[in-house]
Amino acid sequence: MAARQEKQAFRKKIRAEMQLIPDEYFHQAGQQMCRRVLESEDYRQAKTIFCFVSHGKEPNTYPLLEQALADGKTLCVPLCKAEGEMDAKVIHSLNELQPGAYGIPEPGENAETLLPSQIDLAIIPCLAASKDGKRLGKGGGYYDRFLAAYTGKTVLLCPEKLIFDTIPTEPHDILLPKIITEKEA
C-alpha cells in the first residue's frame, strides 16, 4: 500500500478511536500540555510564538494563547489560505478570532503577517504522533508546508493516547522530536 493510502487508513482508524475517548480526557490533557509549554525554557525564551487555535478534540490552546498575550509575547496564529497554505497572523486579543476555514477560529486577512523566520517557537497540532516525533496531521498539508520553511524551535502537542510506536509517513513529513503530552515532555 502506498504511503499516502496508509496515512489515510491510519487517519480513519485514529478518528474512530478518538470518538471512543471522552471529551473530558482531551480537555484535561490539553490543560496539562499547556501548563508544560508555559513552564518550558523554550516558551520563556521566545519573544514571538506561533500557535494553533484549538478546534474539536485538539488540546485546548486557549489558556496558552491568553497567557502568551498576557506575558507580552508577539502571538501569531494560522490563517488558512489557498489549498494547503497558511499564513502566521499576529493577534493582540482572542476577540480578533472568527470562524474561518473548516470552522477553525482565525484572524482576519488584514492582520499583520509574520514570516517563519520571525518566529521563535511554533506550537504544532497533530492527529497522532510516533514516539520519535513523526507527526500525522489531518491531511491538508498546511503544517508540513509551514514547517518546511521554518527553522525555529518547535513543540508538538499530542495526547498520550494518540502516541504510537510508529505511524505511516511520506518523504515530505517533518520530524518534530520535542513532543509534549499530558504526562511528559
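A salt bridge here is a side-chain nitrogen of Lys or Arg within 4 Å of a carboxyl oxygen of Asp or Glu. The model is predicted, so local features need pLDDT of at least 70 and side-chain atom pairs count only at pLDDT 80 or more, while totals for chains, interfaces and linings use all residues. Residues are numbered from 1 along each chain as its sequence is written, and side-chain values use heavy atoms, with hydrogens and water left out.

**Exercise 1. Find the salt bridge of Asp165 and say which parts of the chain it ties together.**

Step 1. The side chain of Asp165 meets that of Lys131 in a salt bridge, at 2.9 Å from N to O.

Step 2. Asp165 lies in the loop between E11 and strand E12 (179-180), and Lys131 in the loop between E8 and E9, so the pair ties together parts that are 34 residues apart in sequence. Strands (E, at least two residues) and helices (H or I, at least four) are DSSP runs, numbered from the N terminus.

Step 3. Both Asp165 and Lys131 are exposed. Exposed means over 50% relative accessible area, buried under 20%, and partly exposed in between (1.4 Å probe, protein chains only).

**Exercise 2. Describe the sheet that contains E8.**

Step 1. Start with the order: 3 strands form an open sheet, E9-E8-E11, with mixed pairing. Two strands pair if DSSP finds at least two bridges between them.

Step 2. Strands E9 (135-136) and E11 (163-164) are the edges, each pairing on one side only.

Step 3. E8 (residues 128-130) pairs with E11 in the parallel sense over 2 bridges. The bridge partner of Ser130 in E11 is Phe164.

**Exercise 3. Work out where the buried residues of H4 sit and what covers them.**

Step 1. Helix H4 spans residues 62-70, and Leu64, Leu65 and Ala68 are buried.

Step 2. Looking down the axis of H4, the buried residues fall within an arc of 100°, so they line one face of the helix. The arc is that of the directions from the helix axis to the C-beta atoms.

Step 3. Their cover includes helix H2 (23-39), helix H3 (41-45) and strand E1 (48-51). Contact means heavy atoms within 4.5 Å.

**Exercise 4. Which residue forms a salt bridge with Arg35, and how many residues apart are they?**

Step 1. The partner is Glu39, with the closest N and O atoms 3.1 Å apart.

Step 2. Both lie in helix H2, 4 residues apart, about one turn of the helix.

Step 3. Arg35 is partly exposed at 34% relative accessible area, and Glu39 is also partly exposed, at 45%.
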